Amino acid sequence: MSTHPTHNEHHDPEGSKIGMWLFIFTELFLFGGLFLVYAVFRNKYSAEFHHAAEELNAFIGTMNTVVLLVSSMTVAMSVTAIQKGNSKKAIGLLILTVLAALIFMVNKYFEWSHKFEFNLYPGSDVVKGLDHGEILFYGLYYMMTGLHALHVLIGLVLLIIVIVRLKSGRITKDHYSLHENSGLYWHLVDLIWIFLFPLLYLIT
Amino acid sequence: MKNDKHPHISSYNQHITVLLVLLILTFITVAVSGLHFSTFSVGVALIIASVKGATVLTYFMHLKYESLFLKLIVAGVFLVYALVIVLTFTDYLLR
Amino acid sequence: MSSTEKYTHESYLEHKGKYKGLLGWLTSTDHKKIGLMYMYAITVFFLVAALLGLMMRIEKIAPGPTIMDAQTYNGVFTIHGVIMIFIVVIPGLAAVFGNLFLPILIGAKDVAFPKLNLFSWYLFMTGAILGLFSQFVGGDPPDTGWTFYVPYSAESSTNVIWALSAAFILGFASILTGLNFIVTIHRMRAPGMTWFKMPLFPWSLYATAWIQVLATPIVGITLLMVIAERVLNIGFFDPALGGDPVLFQHLFWIYSHPAVYIMILPAMGVVTEIFPTFSQKPVFGYGAIAISSIAIAVVGYFVWGHHMFTSGISYWSRWFFSFLTFIVAVPSAIKVFNWLSTMYGGKISLKPPLLYAISFIFLFLIGGFTGLTLGALATNIHTHDTAFVVAHFHYIIFGGMGFAFFAGIHYWFPKMYGRMYSFRWANIAWGFLFLGFNVLYFPLFIIGLQGMPRRYFDYLPQYQTGHVISTIGAFILIIGIFMMISNLIYARKKGALAGPNPWKGVTLEWKIPSPPPLENFDEIPVITHQPYFFGDTNDED
């Protein structure tokens with residue numbers, strides 16, 4: 001008969017993994033609502049969406065896509081590393097992932113501030129003066145990439161926590177659920193961008 | 001309680017290969033966007049994005065090596081979402 | 001069952017963790033304590049919202065202003081709806097009885113993620129308090145209705161953002177609870193408990209949890225979009241900027257219709273536990289009830305347009321949503337048939353839990369049938385946005401989920417607290433509740449059909465008789481509510497001690513002490529037979 005239940009007694013990596021997948025589903029539906037709005041208005045205002053998208057810098061968008069794809073690889077490799085018992089390698093790969101995330105955020109910062117310089121933000125006089133489809137395009141652009149960037153930040157924090165716990169030995173070859181699940185979360189962030197990128201940047 | 005005694009470990013080489021595939025698909029997406037398919041361009045972009053997405057899900061997110069249950073619910077989720085889009089469009093396309 | 005014995009074991013209520021007193025409760029990851037914390041909070045909010053409802057009825061006893069002005073009335077029906085829907089009815093059964101009994105019913109010591117469970121409660125409380133703040137901070141209380149329709153919710157100068165944020169956070173709490181329950185049911189069933197040996201309340205919680213996970217995020221993003229409309233003028237729903245207000249309705253109801261299945265599925269699960277116990281025979285059609293729960297969840301996901309028949313959506317859209325609305329009624333009807341068949345030929349014991357459960361069927365049926373009137377395109381035009389709708393959803397939600405909650409608390413009270421309440425007062429309270437409920441809501445069907453609009457502060461004199469009767473019903477109902485709660489509160493401290501199985505139930509919760517020990521089971525049971533096995537009858541499913 002045990003007295004106090006310690007939560008370490010209940011160790012179920014498969015259950016934790018299912019839990020993270022379920023959480024990923026909720027994130028897919030969260031962004032899904034925005035994609036639905038995009039679909040409705042793209043259908044209604046295809047020419048104006050096309051026109052507004054020309055303002056976006058497809059080069060930066062492509063760079064960011066590449067950066068995120070690479071970061072997905074490095075985080076997946078870091079999970080392989082810890083599964084093989086190589087904490088040092090796992091940490092190194094995670095640091096690369098974090099760097100990639102930071103590059104993404106810096107790019108995003110330049111993109112957005114460039115647009116702000118031209119008064120291209122929701123509610124601005126410039127945007128209000130545009131055609132309806134263009135106004136909606138910008139609304140979607142900011143909300144979708146903004147919400148996505150927020151998730152990049154959350155992922156970044158998670159990955160840093162994993163690095164700290166790898167260093168302290170709390171995450172090991174036999175206990176790496178947090179690491180694996182954080183990796184899944186990071187892949188989700190990548191997955192969303194894979195769809196955002198062509199729909200926002202490449203419809204010219 | 002089920003315990004996975006020997007979880008599958010993806011090799012570093014597999015990860016690199018997957019990245020290369022994704023980068024190639026990205027390159028194709030960008031190149032194709034330069035061509036003008038007009039109404040089909042959404043479709044083409046989405047198809048390529050879906051292939052990239054499926055690749056990330058299958059390999060980076062390890063779905064290929066996971067339980068049937070997990071594979072089914074991932075598929076189910078995308079199916080439900082697709083139906084929501086279709087149903088909403090029965091309004092917007094047919095008004 | 002002597003009333004002077006102490007418990008012979010340390011129950012979860014007596015267990016002292018790292019902290020004592022209130023802090024001990026607030027830091028407890030024990031699913032049973034968390035369930036009780038949800039229950040106490042929800043009861044308080046329910047009473048607040050019920051009193052708000054009473055105020056609405058007092059206002060409506062006569063045309064014109066009676067005790068409040070029009071603006072106040074709009075604020076009252078808004079917060080009444082927000083509290084009842086997001087704080088009481090959506091979380092209600094799952095967060096209270098799901099937390100209290102899901103692990104025990106499947107033979108587990110706790111849920112899959114106990115710390116996440118406590119975190120969900122904190123999120124819930126944060127959202128609930130934010131909702132309250134919307135009444136008192138800054139400008140006027142929100143007056144948009146709980147449905148936050150645009151364009152008004154984007155334009156109203158009231159504290160809409162507080163309410164939207166509250167609903168968002170409450171939604172997040174709901175998602176995490178659903179996630180927790182899905183993993184719990186998948187991973188923590190006792191050895192030998194296959195899916196089809198699991199009791200039916202867990203089945204209903206499972207179906208509900210999927211809706212919580214897959215529908216709630218959509219309303220989450222939609223509420224954020226309305227905030228973006230208010231703060232950033234983003235334009236998605238603003239025709240002046242190219243947007244479409246009907247798109248908001250689509251997005252809102254894509255969640256809010258499945259939400260009503262979040263409300264009713266656990267309710268159906270609760271009564272499904274009660275009928276076999278008080279008939280002393282197995283559930284009729286176990287498989288049908290299990291699968292129909294899943295069917296309701298799946299089909300119910302695709303009927304949202306029936307809230308929008310008069311909003312200008314396309315003909316084919318209206319046709320499809322009406323068709324599916326009729327289809328989704330079928331699995332519910334199957335359950336009703338099975339509940340009645342469970343009782344048929346059984347050794348009926350009309351104790352309070354069964355009394356509430358039977359009245360659940362009656363009220364749910366009325367709600368359900370009137371749903372068909374609303375689901376048919378032609379009659380919907382006449383009844384949409386009238387008091388008919390108000391009566392319909394109160395029968396289904398309050399008569400359904402509400403009475404199922406009352407049934408559940410009367411069923412599981414002796415297990416939760418180790419004490420029994422007075423049957424006499426429980427039955428008297430039931431009388432007031434049942435009578436009051438019908439006198440309050442039935443007239444609304446009639447005046448609704450006669451043309452009385454919903455959410456209207458004022459009305460033509462021809463509707464007054466119906467309103468007066470309805471208001472009288474409200475008072476009777478409120479008396480019943482206070483009687484019921486007082487009876488239970490008294491029993492908590494002064495009731496006769498209850499043994500482990502006062503109802504001769506056969507599911508796992510009746511095999512452990514009342515109240516249960518901290519980890520529920522001394523040894524995890526091994527399951528060998530179907531869940532409603534009443535001994536050596538020939539009813540083995």
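**A guided discussion**

Guide: Just after helix H4 of chain C, C:Gly138 has a positive phi of about 55 degrees. Please keep in mind that this is a predicted model.

Visitor: Which helices do the buried residues of H4(C) pack against?
Guide: A residue is buried if 20 or more other C-beta atoms lie within 10 Å of its own. Among the buried residues of H4(C) are C:Trp121, C:Phe124 and C:Leu130, and also C:Gly127 and C:Gly131. The buried residues of this helix pack against three helices of chain C: H2 (31–59), H3 (70–105) and H6 (160–187).

Visitor: How are H9(C) and H10(C) arranged, roughly parallel or roughly antiparallel?
Guide: Two packed helices are described by the angle between their axes and the distance between the axes. The axes of H9(C), residues 286–300, and H10(C) come within 9 Å and cross at roughly 160 degrees. Angles over 145 degrees count as roughly antiparallel, so H9(C) is, relative to H10(C), roughly antiparallel.

Visitor: How many residues of the contact of H9(C) with H10(C) are nonpolar?
Guide: From H9(C), the residues that meet H10(C) include C:Ile289, C:Ile296 and C:Val299. On the H10(C) side, C:Leu324, C:Ile327 and C:Lys335 are among them. Of the residues in this contact, 4 are polar, 1 is charged and the nonpolar ones number 10.

Visitor: Which element supplies the largest share of the side of chain C that touches chain B?
Guide: In this contact, 11 residues of chain C meet 11 residues of chain B. Helix H8 (245–279) and helix H10 (315–343) of chain C each supply at least two residues of the chain C side. The largest share, 3 residues, comes from H10(C).

Visitor: Which helix gives the most to the side of chain B that touches chain A?
Guide: The contact takes 31 residues from chain B and 35 from chain A. Helices H1 (12–34), H2 (39–60) and H3 (68–92) of chain B each give two or more residues to the chain B side. By class, that side has 19 nonpolar, 9 polar and 3 charged residues. The helix that gives the most, with 11 residues, is H1(B).

Methods
Residues numbered from 1 in each chain as written. Chains lettered and ligands numbered in written order. Predicted model: local features only at pLDDT ≥ 70, side-chain atom pairs only at ≥ 80, totals over all residues. Contact = placed C-beta atoms within 7 Å. Helix = DSSP H or I, 4+ residues; strand = E, 2+ residues; numbered from the N terminus. Axes fitted to C-alpha atoms, helices over the stretch in contact; angles between N-to-C directions. Parallel < 35°, antiparallel > 145°, perpendicular 65-115°, else oblique. Nonpolar A, V, L, I, M, F, W, Y, C, P; charged D, E, K, R; others polar. Buried ≥ 20, exposed ≤ 12 C-beta atoms within 10 Å, placed from the backbone.
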